[in-house]
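Here is a short note to keep beside you as you look through this structure for the first time. Take the points in any order you like.

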Amino acid sequence: MTRSIVLADWSPPALIGYQFLHAGVFHLAGNMILLWVFGNALNGILHDLDFTLAYLAAGIVAGALHLMVDGAPVVGANGAISGLMGLSLAVYPHNEVSCFYWILRAGTFDMKGYYLIIGWFLWDVISALRGVPDVACWAPVGGTLAGFGSGVMLLKMRCIHIADYDNPTVLDIFSHRRA
């Protein structure tokens with residue numbers, strides 16, 4: 001049964017199922033940390049069903065781009081999680097994200113979400129163009145683009161409601177609606 005949900009072809013079960021398989025504990029843990037960081041705020045404004053659909057749609061787009069460009073069998077939620085990061089970039093670009101480091105000593109620092117997300121996206125693009133072996137780099141590229149595009153579209157259609165006290169969205173920034 002597991003083979004039928006590894007993304008190796010265009011079958012619908014594989015395009016959805018691969019998002020729930022992982023290559024190991026660290027792969028799963030990394031995706032769950034990013035889901036926690038970016039998913040909490042998005043679930044608050046999208047609610048459960050729309051959040052789940054956004055996650056799955058980003059994963060499907062991510063898987064489709066991977067199949068078109070690379071085509072090697074792949075598992076993992078990286079594309080779907082990157083989709084949530086792209087959606088977060090559209091809705092909450094100025095929100096602070098706490099980052100953990102462990103270089104000589106451990107600690108945290110805060111940075112604007114757009115620095116982290118755009119930096120992560122550029123890393124994925126460079127990795128994809130370099131052809132890093134055994135890593136599905138095109139999936140997170142597709143997921144980020146799908147998430148950001150859907151976020152902009154949902155904001156334009158007013159399907160996402162932002163509170164007055166929230167930081168400005170990407171539409172607010174480019175239209176100069178809020179400080």
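Predicted model: local features only at pLDDT ≥ 70, side-chain atom pairs only at ≥ 80, totals over all residues.

1. Residues are numbered from 1 along each chain as its sequence is written, and side-chain values use heavy atoms, with hydrogens and water left out.

2. Start with helix H2, residues 25-69. Its 45 residues would span 66 Å if straight, yet the end C-alpha atoms are only 27 Å apart (the expected span is 1.5 Å times one less than the number of residues). A kink of about 115 degrees is centred on His47; the bend is the angle between axes fitted to the seven residues ending there and the seven starting there. Just after H2, Gly71 has a positive phi of about 90 degrees.

3. Next, find the salt bridge between the side chains of Lys112 and Glu96, at 3.6 Å from N to O. It joins strand E2 (residues 105-112) to strand E1 (residues 96-103), with the two residues 16 apart. The rule asks for a side-chain nitrogen of Lys or Arg within 4 Å of a carboxyl oxygen of Asp or Glu, and the count comes to 1.

4. How exposed is Lys112? Lys112 is partly exposed, with a relative accessible area of 27%, and Glu96 is partly exposed too, at 47%. Here buried means under 20%, exposed over 50%, and partly exposed in between (1.4 Å probe, protein chains only).

5. Finally, helix H3 (residues 78-91) packs against helix H4 (residues 113-130) at an angle of about 135 degrees, with axes 10 Å apart.

Definitions and conventions: Helix = DSSP H or I, 4+ residues; strand = E, 2+ residues; numbered from the N terminus. Axes fitted to C-alpha atoms, helices over the stretch in contact; angles between N-to-C directions.
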